[in-house]
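Please keep the sequence and the structure in view while reading.

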Amino acid sequence: MPVSAVSICQISVPIASKVQGHFDTSKSMPRWRQRSTVIRCYNRRAEGRVRAEKNYYDLLGVSVESNAQEIKEAYRKLQKKYHPDIAGKEGHEHTLMLNEAYKVLIKEGLRRQYDASIGQMRVRNGTTTYSGLAYSAWKGPLRPQALFVDENACIGCRQCVHHACNTFVMDEALACARVKVQYGDDEQKIEVSVESCPVNCIHWVDREELPALEFLIQPQPKEGYGVFGGGWERPANVFMAAKSFNKQLKQQDAKEHHQTRTTREEETPAQAEARANASRKLEEERLSRTWNWMKEIFSSNMLSRD
């Protein structure tokens, strides 16, 4: 499904550098310690107006987490605003883009395909929850950067496990490698294991990015339809998905903070006092139950001694 008139493909290109025999931060870093640059290739064949200035969510003014009802309400409101009888010719162009966005986002199957095409990742509310912690453990003190295996690109060659078995491990069920312990081996072994990867699927990322990347690369249950099984899925581009995922988390935190602050601002002095009294009463009841339990334990011990 074509998303827009401008197609974008992303190619990770490792920055070339001379590999040093020993780890030294003052020297030029080897390939495995460097971040990848991104080359964006643009398709020049545009059909009339370029409709890639905003994605469908921005076009309708809704968040990635919006449900079908919120999308429908936003669509109807904007259709009234940009109706050709009101906004003229420009309104007609805008309503066409609104129709295209609504047709995709209102259907779950098309919406999921669109999210994957733009690297979006909706926060899941199912059995798998995001804890904010990385799956891999750390050996020694935390460091600014960590290793991450893009399991979508991994071909299961076992080279990394062979050279640094304390850092990497094979998932036999998925036939791919992943990081088990950050810095589980010495620098030289890790460097050899990364350099021996034939598909360059091992990346060096910032420590703050690692939890989201390791969470999103895990296969997630896919919703089924009718007699067709749901199966499993994960984002095609985990790096774009992680960027979007972190953005969504920040938006959710800001929204919850705003709602909490608004609730407290709307609270009257009488309500605040009642809430404080109720909290105090609950705390007193908890302490009373604890005290009675301790008295029963003490009494039973005294009787057993007699």
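With which residue does Asp171 form a salt bridge, and how far apart are the closest N and O atoms? In this predicted model, the partner of Asp171 is Arg178, with the closest N and O atoms 2.7 Å apart, and both of these residues are buried.

**Charge pairs**
- Six salt bridges are found when the whole structure is searched.
- Glu151 also forms a salt bridge with Arg178, the closest N and O atoms being 3.1 Å apart, and this pair links distant parts of the chain, with Glu151 in the loop between β4 and α5 and Arg178 in strand β6, 27 residues apart.
- Glu151 is buried, as is Arg178.
- A further salt bridge joins Glu208 to Arg207, where the closest N and O atoms are 3.9 Å apart; Glu208 counts as exposed because its relative accessibility is 57%, whereas Arg207, at 29%, counts as partly exposed.
- Through shared partners, salt bridges connect Glu151, Asp171 and Arg178 into one network.

**Nonpolar cores**
- The largest nonpolar core contains 18 residues, and those with the most contacts inside it are Leu147, Val149, Phe168 and Ile202.
- At least two residues of this core come from each of β4 (145-149), α5 (159-163), β5 (168-171), β6 (176-179), α6 (187-195) and β8 (202-206), and β6 supplies the largest share, three residues.
- Leaving aside residues up to four places away in sequence, Ile202 touches Leu147, Phe148, Val149, Cys160, Phe168, Ser193, Val194 and Cys197.

Definitions and conventions: Residues numbered from 1 in each chain as written. Predicted model: local features only at pLDDT ≥ 70, side-chain atom pairs only at ≥ 80, totals over all residues. Heavy atoms only, no water. Core = buried A, V, L, I, M, F, W, Y, C linked by side-chain atoms within 4.5 Å. Buried < 20%, exposed > 50% of the residue type's maximum accessible area, 1.4 Å probe, protein only. Helix = DSSP H or I, 4+ residues; strand = E, 2+ residues; numbered from the N terminus. Contact = heavy atoms within 4.5 Å. Salt bridge = Lys/Arg side-chain N within 4 Å of Asp/Glu carboxyl O.
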